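Here is a short briefing on a two-chain structure. Keep the sequence and the 3D view open as you read.

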Amino acid sequence: MLRYVLQRLLMTIFVIIAAAILIFTVMYFVPGDPAKIILGPEATAADLADVRHQLGIDRPFLVQLGSFMYNTFIKFDMGTSWFRNTSVFGGMLERIPRTFLLGFLSIVLTSLVGIPMGVNAATHHRKWQDKGVISFAMVFMSVPEFWVALLFIIFFSLRLNILPSFGIGSWKNYVLPILSGALAGIGGIARYTRSCVLEVVHADYITTARAKGVMERKVIYQHMLPNALIPVLTNVGTSFTRCIGGTIVMEKIFSFPGVGLYLSDAIASRDYPVIRGCVIVIAAFTAILMLLVDLSYGYVDPRIKAQYVKQSTKKGKIKNVA
Amino acid sequence: MSAVIETKNLKKYFSVPGGVLHAVDDVSISIERGKTIGVVGESGCGKSTLGLCLVHLHESTDGQIFLNGEDVTDLNKRQLRKFREKAQIVFQDPYSSLNPRMTVDEIIREPLILSRRYKKGELDDRVDELMELTGIEERLAQSYPHELDGGCRQRIGIARALSLDPEFIVCDEPVSALDVSIQAQILNLLMDIQEKSSLTLMFVTHDLSVVRHISNSICVMYLGQVVEMSPTEELFLNQLHPYTKALMSAVPSIDIHNPSQRVMLSGELTSPINPKPGCRFKDRCVYATTACEEPQTLEEITPGHLCLCSRVNEINQLV
């Protein structure tokens with residue numbers, strides 16, 4: 001078990017390094033000259049060359065890549081933003097908690113609402129509860145998130161004037177981004193849960209549980225759900241990683257100063273150090289979350305855990321004999 | 001002798017597209033304490049449905065069920081819970097009928113906890129006792145069902161069914177998913193347990209040699225109806241209903257000098273959806289006449305031997 005975790009962590013390091021090289025290469029070849037953006041359209045050729053030299057982007061590709069990798073992974077220095085003149089690391093440190101909180105709350109809301117909806121739909125298969133959940137899911141999965149977000153702004157901020165449409169400061173700023181981001185997620189999780197539960201609703205061991213005299217509510221929550229929810233859990237885990245990287249649109253619409261907005265502004269202004277920093281951090285988060293999801297399988301599904309346990313006891317026995 | 005379980009005109013109909021499916025139609029049987037009744041018939045004749053109705057896993061449409069003379073046809077939640085302690089079922093498929101997330105110990109323990117009959121310390125003893133009784137090795141207690149073979153899984157199913165000392169167990173083809181050597185082990189296990197605790201069994205199967213081995217009497221079903229009922233040996237010597245004759249002749253004989261005379265059936269199985277009154281077997285029966293269009297009644301032909309055929313006397317030259 002420990003060996004597996006270490007192996008995966010080692011792989012995670014390689015994933016991050018690969019992501020770093022990839023984003024560096026992509027940004028190198030993308031058209032657009034940061035020097036021109038910094039100095040504006042009236043800059044002279046000499047000034048441009050000067051700025052390029054300062055930024056170090058006049059050096060050959062491999063030299064730039066080498067110094068970037070050296071600074072990032074040996075000195076742990078992600079550099080300074082070319083526009084804000086603040087450290088990228090500091091900027092990330094300030095924004096990550098906000099984005100993380102946003103993603104976390106939206107996943108919690110999605111699961112707390114979506115999973116019971118899906119279970120309810122499956123246990124009332126083909127009745128009105130089921131049809132209601134399906135229609136809800138269909139509507140909010142088909143409608144683009146940003147459009148829902150704009151409608152929410154019009155309704156809650158402009159008409160009712162009860163929730164702020166941008167910025168950060170109070171808990172109210174979190175409500176609309178979470179709500180508009182979670183609706184599609186709720187639909188998705190509800191649909192997914194429904195189909196997973198439907199698979200076990202008619203399983204023989206459910207009849208066995210009823211024959212034992214288990215109460216109907218317990219049949220659902222103790223016999224059906226633990227078996228049905230394993231794939232749902234993976235889905236929640238992966239959608240969490242999507243949240244960390246994928247709130248760019250939400251943060252842009254609500255001017256929410258998180259990692260997503262940081263990244264999208266940096267892309268617009270060719271702020272290479274910020275772009276690289278954001279991508280590396282998002283890649284690291286994703287890799288570690290996936291590792292956690294994989295590890296959680298063992299605790300959710302005893303069949304997987306049993307494999308680990310058996311292996312370790314076998315090894316222990318062999319040692320004892322020797 | 002008093003009957004442990006008894007049904008009177010039990011019916012189970014299902015609404016399906018195209019009409020009403022008569023899965024169990026007018027079945028009246030009674031089983032005495034410590035006896036085994038074998039229910040045989042081809043696939044889809046309603047024998048499993050009958051078993052499921054008897055233990056309230058299906059709610060019957062009409063008719064009555066008695067347990068120890070007490071009417072248990074309609075039960076509320078609490079009564080149903082008490083009923084489950086007395087009437088249990090062993091399922092056909094030992095692979096899918098055990099929750100893959102529960103260990104052997106947990107599967108057997110759950111009904112004990114639910115009954116609240118045992119104290120904490122007694123639970124472990126009772127689980128051990130059940131595992132010993134059903135021949136599950138103690139070291140397997142913390143295993144999950146998928147790690148075990150079919151025979152062992154069916155032993156778990158039996159241990160679970162026995163856990164609260166039921167009086168009556170429906171065995172719904174408990175050995176059809178197992179290979180022959182393990183079939184014998186499981187059958188002998190059931191018979192041993194029956195001997196020890198005077199358990200009453202209903203044995204649903206389509207395997208005639210199994211029924212002969214285990215049951216005291218046999219009930220032959222065809223399209224939801226009981227067509228013949230008799231003590232086991234009597235039925236193997238002397239079949240009255242044309243369907244039973246055909247069924248029995250289908251058992252392969254190992255005597256090459258005296259091969260059994262096959263009664264071949266022609267025609268298709270009549271649909272169990274909206275069946276016409278009258279004999280349901282008449283379309284495939286070589287003896288069928290217009291008399292078979294009339295509704296049939298189950299009559300006692302010789303003592304203890306019942307048959308649902310208005311022409312039984314002519315067919316068997318009994319008069």
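Glu6(B) has Ser30(B) in strand 3 of chain B as its bridge partner. That pair belongs to an antiparallel pairing of strand 1 (residues 3–16) with strand 3 (residues 30–32) of chain B, over 3 bridges. Keep in mind that this is a predicted model.

**Strand 1 of chain B and its partners**

- Strand 1 of chain B also pairs with strand 2 (residues 19–27) of chain B, in the antiparallel sense and over 6 bridges.
- Leu10(B) has Val27(B) in strand 2 of chain B as its bridge partner.
- Strand 1 and strand 2 of chain B form a hairpin, with 2 residues between them.
- Gly18(B) sits in the turn of that hairpin and has a positive phi of about 105°.
- Strand 5 (residues 62–67) of chain B is joined to strand 1 of chain B by 5 bridges, and the two run antiparallel.
- Thr7(B) has Ile65(B) in strand 5 of chain B as its bridge partner.
- In a regular strand, side chains alternate between the two faces of the sheet.

**The open sheet of chain B**

- Chain B holds an open sheet of 8 strands, in the order 7-8-9-4-10-11-13-12 and with mixed pairing.
- Which strands lie at the edges? They are strand 7 (87–90) and strand 12 (299–302) of chain B, and each pairs on one side only.
- Neighbouring strands of this sheet are turned by 25° against each other on average, direction ignored.
- Strand 4 (residues 36–40) and strand 9 (residues 200–204) of chain B pair in the parallel sense, over 4 bridges.
- Within strand 9 of chain B, Leu201(B) stands opposite Thr36(B).

**Helices on the sheet**

- Helix 1 (residues 47–54) of chain B packs on the sheet. It touches strand 4, strand 7, strand 8 (168–172), strand 9 and strand 10 (217–222) of chain B.
- The direction of helix 1 of chain B makes about 150° with that of strand 9 of chain B.
- Helix 5 (residues 150–162) of chain B lies across strand 7 and strand 8 of chain B. It runs at about 175° to strand 7 of chain B.

Two packed helices are described by the angle between their axes and the distance between the axes.

- *Helix 13.* Helix 5 (residues 88–123) and helix 13 (residues 272–300) of chain A pack at an angle of about 45°, with their axes 11 Å apart. The two helices are therefore oblique to each other.
- Helix 5 of chain A passes helix 13 of chain A in a right-handed crossing.
- From helix 5 of chain A, the contact uses Val88(A), Met92(A), Ile96(A) and Phe100(A). They meet residues of helix 13 of chain A including Pro273(A), Val281(A) and Phe285(A).
- By class, this contact of helix 5 with helix 13 of chain A has 9 nonpolar, 1 polar and no charged residues.
- *Helix 6.* Helix 5 and helix 6 (residues 128–142) of chain A pack at an angle of about 135°, with their axes 7 Å apart. That makes helix 5 of chain A oblique to helix 6 of chain A.
- The crossing of helix 5 and helix 6 of chain A is left-handed.
- Met117(A), Asn120(A) and Ala121(A) of helix 5 meet Gln129(A), Asp130(A), Val133(A) and Phe136(A) of helix 6 in chain A.
- The residues of the contact between helix 5 and helix 6 of chain A divide into 4 nonpolar, 2 polar and 1 charged.
- *Helix 12.* Helix 5 and helix 12 (residues 259–268) of chain A pack at an angle of about 135°, with their axes 8 Å apart. These two are therefore oblique to each other.
- Among the contact residues are Arg95(A) and Thr99(A) of helix 5 of chain A, and Tyr262(A) of helix 12 of chain A.
- The contact of helix 5 with helix 12 of chain A has 5 nonpolar, 3 polar and 1 charged residues.

**Confidence**

- The model scores ipTM 0.74 and pTM 0.73.
- Chain B has a mean pLDDT of 88, and 98% of its residues reach 70 or more.
- Chain A has a mean pLDDT of 83, and 93% of its residues reach 70 or more.
- Where in chain A is confidence lowest? It is lowest in helix 14 (residues 302–321) of chain A, at a mean of 50, and highest in helix 6 of chain A, at 92.
- Over residues 311–322 of chain A the pLDDT is below 50. Beyond near neighbours in sequence, that stretch has 0 contacts in the model.

Key:
Residues are numbered from 1 along each chain as its sequence is written. Chains are lettered from A and ligands numbered from 1 in the order in which they are written. This is a predicted model: local features need pLDDT of at least 70, side-chain atom pairs count only at pLDDT 80 or more; totals for chains, interfaces and linings use all residues. Side-chain values use heavy atoms; hydrogens and water are left out. Axes are lines fitted to C-alpha atoms, for helices over the stretch in contact, and angles run from 0 to 180 degrees between N-to-C directions. Angles under 35 degrees count as roughly parallel, over 145 as roughly antiparallel, 65 to 115 as roughly perpendicular and the rest as oblique. A crossing is left-handed if the near helix is turned anticlockwise from the far one by less than a right angle, and right-handed if clockwise. Contact means heavy atoms within 4.5 Å. Ala, Val, Leu, Ile, Met, Phe, Trp, Tyr, Cys and Pro count as nonpolar, Asp, Glu, Lys and Arg as charged, and the others, Gly among them, as polar. Two strands pair if DSSP finds at least two bridges between them. pLDDT is the predictor's confidence in each residue, from 0 to 100.
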